[in-house]
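Biologist: Could you take me closely through the charged side chains of this model, and tell me which of them pair up?

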Amino acid sequence: MKRLKNLSLLTLLAALMVFMAACGGTTTSTDKKEGTAKKEAPKIEEVKELSGTLSISGSSAMQPLVAAAAEEFMAENPKVDIQVNAGGSGTGLSQVAEGSVQIGNSDVFAEEKEGIPADQIVDHKIAVVGMTAAVNPKVGIKDIKKADIIKVFTGKITNWKELGGADQKIVLVNRPDSSGTRAIFNKFALDGATPAEGITEDSSNTVKKIINETDGAIGYLAFSYFTDETVTPLAIDGVEPTAENVQTGKFPVWAYQHSYTKGEATDLAKTFLDYMMSDDIQNTLLQEQGYLPVTKMQVERDAQGNQKNL
């Protein structure tokens, strides 16, 4: 009997030891699994704050737009410094090609500027500008045939009465040879004809003022300058100079506003150019500055002026 009791006790102790070992094993296994889970958890990477300096130069016409966008960009990225200088399209193209600036702004394609290695720089079209001939309101016309614009600016028509307007001598107001605005107007309004001599002014604001103050005057301005009735913008061949008519390809006098980089855009230059193409800039700031959003164009042009539907 005593032997039976001892055996039962030993059996009970053995069972208890097996149970405790099993519990201990389970605990160890859980610890290992938790440790593995911790190791496999994804790491949260910190978003790096943008910083650095960006140098931009070129087109005087584009400077207000790019400078305004740069101010907003820097307000959102306090560690970024962007310098926007003018100097003309030729300057912007030559400086970006030689690497002295990261972005060169231009009113014209690089291929149109002599001495620019166009194959070494990359074009980023960020806006569109529309322009038309503008006359003194006393001239008395609001529409003109394209063939007659060419005759007026080349000196073959010298009095507005020949076109059904007032009996006034035509006074030409031109931009200098270096002007991108002049290059665009000559190419798409005058079909490449060379304008006759007249008054030459470098500033569009001054051109507008002279047209307003001079009887019989005619010049050319971007759409953004037609904010009042001091000058009269001319329709061409019955097509009104509006954003919609430019975007659909009906109005002939328009051009891209280009930002060039040396090679593909990288780093801060790429981030800023992407910002220029954002909905906020294209649909708000850009239009406030008098430009047309390139993202809404239904046609496109190449460096030779060939136009096709998108």
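Modeller: Searching the whole structure turns up ten salt bridges, each being a side-chain nitrogen of Lys or Arg within 4 Å of a carboxyl oxygen of Asp or Glu. Please keep in mind that this is a predicted model, where local features need pLDDT of at least 70 and side-chain atom pairs count only at pLDDT 80 or more, while totals for chains, interfaces and linings use all residues. Residues are numbered from 1 along each chain as its sequence is written, and side-chain values use heavy atoms, leaving out hydrogens and water.

Let us begin with E112 and K187, whose side chains meet in a salt bridge at 3.1 Å, N to O. This pair links distant parts of the chain, 75 residues apart: E112 sits in the loop between β3 (103-106) and β4 (121-135), and K187 belongs to helix α5 (residues 180-188). Helices (H or I, at least four residues) and strands (E, at least two) are DSSP runs, numbered from the N terminus. E112 counts as partly exposed because its relative accessibility is 36%, and K187 is also classed as partly exposed, at 25%. Here buried means under 20% relative accessible area, exposed over 50%, and partly exposed in between (1.4 Å probe, protein chains only).

Next come D123 and K125, which form a salt bridge at 3.3 Å, N to O. D123 has a relative accessible area of 22%, so it is partly exposed; K125, at 30%, is partly exposed too.

The salt bridge of D177 with R182 has its closest N and O atoms 3.3 Å apart. D177 counts as exposed because its relative accessibility is 68%, whereas R182 is buried, with a relative accessible area of 12%.

The largest share, three residues, comes from α9.
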